[in-house]
Amino acid sequence: MDDHNDRQFLHKPFSVHLQWVRCGRLACRCRTAGPHQRHGPYYYAFSSSRGKLRKRYLPAAVGEQLLALQQEQRALRASARSCRSFLTSTSDVLREVTRW
């Protein structure tokens, strides 16, 4: 990965996920093990570009920070949806009251 492609990738919307991977060695336990017996977890950023899913490895420290930020962002979006819903119902009530 070169620095230019990394910057270009991270300027697009992406999500961070943990993955457990197989290493490719024939005698390794990861070949036959379940998902959580494989190597990892490793952090990856996923993005879609021109209908194609792209995946980039993230170093652990960066992955942890981005995953925490992603979770914060999801919580804030849920809170914003709840506020929007409250404001909508409040404005509906106010409309009804002003009609009287």
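**Entry 1. Aromatic residues**

I began with the aromatic side chains and found that Tyr 42, Tyr 44 and Tyr 57 form one aromatic cluster. The model is predicted, so I noted its limits: local features need pLDDT of at least 70, side-chain atom pairs count only at pLDDT 80 or more, and totals for chains, interfaces and linings use all residues. Residues are numbered from 1 along each chain as its sequence is written, and side-chain values use heavy atoms, with hydrogens and water left out.

How many aromatic pairs does a search of the whole structure find? I recorded two aromatic pairs. For this search, rings of Phe, Tyr and Trp (its six-membered ring) pair if their centres lie within 6.5 Å; planes under 30 degrees apart count as stacked, over 60 as edge-to-face and the rest as tilted. Tyr 44 belongs to strand β2 and Tyr 57 to strand β3, so the pair ties together parts that are 13 residues apart in sequence. Strands here are DSSP runs of E with at least two residues, helices are runs of H or I with at least four, and both are numbered from the N terminus.

I then looked up the exposure of the two rings' residues. Buried means under 20% relative accessible area, exposed over 50%, and partly exposed in between, with a 1.4 Å probe and protein chains only. Tyr 44 is buried, at 11% relative accessible area, whereas Tyr 57 is partly exposed, at 40%.

**Entry 2. The sheet**

I read the chain as two helices and three strands, in the pattern α-β-β-β-α along the sequence. The three strands make an open sheet in the order β1-β2-β3, with antiparallel pairing. Two strands are taken to pair if DSSP finds at least two bridges between them. β1 and β3 stand at the edges with a single partner strand each, so one side of each is left without a neighbour in the sheet. From one strand to the next, the twist averages 40°.

I listed the bridges next. Strand β1 (residues 15-21) is joined to strand β2 (residues 39-49) by six bridges, and Gln 19 stands opposite Tyr 42 in β2. β2 pairs with strand β3 (residues 52-58) over seven bridges.

I checked the peptide bond between Gly 40 and Pro 41 and found it cis, with omega about 10°. Pro 41 is placed in strand β2.

Ser 49 is also in β2. Is Ser 49 buried or exposed? I noted it as buried, with a relative accessible area of 10%. Apart from neighbours within four places in sequence, Ser 49 is in contact (heavy atoms within 4.5 Å) with Lys 12 and Arg 54.

The hairpin of β2 and β3 has two residues between the strands. Arg 50 is found in this loop and has a positive phi of about 55° although it is not a glycine. Most residues other than glycine have a negative phi, and most peptide bonds are trans. Arg 50 is exposed, with a relative accessible area of 82%.

**Entry 3. Helix α2**

I followed helix α2 (residues 60-99) across β1, β2 and β3, and its direction is about 130° to β1. Axes are lines fitted to C-alpha atoms, for helices over the stretch in contact, and angles run from 0 to 180 degrees between N-to-C directions. α2 has 40 residues and reaches 59 Å from its first C-alpha to its last, close to the 58 Å expected at 1.5 Å a residue. The expected span is 1.5 Å times one less than the number of residues.

Which residues of α2 are buried? I noted Gly 63, Leu 67 and Gln 70. The buried residues of α2 pack against β1, β2 and β3.

**Entry 4. The chain as a whole**

Of the 100 residues, 17% count as buried. The chain exposes about 8100 Å², of which carbon and sulfur atoms supply 56%; the areas come from the Shrake-Rupley method with a 1.4 Å probe, and for residues only the protein chains shown count as cover. Among contacts between residues at least 6 apart in sequence, 46% join residues at least 24 apart.
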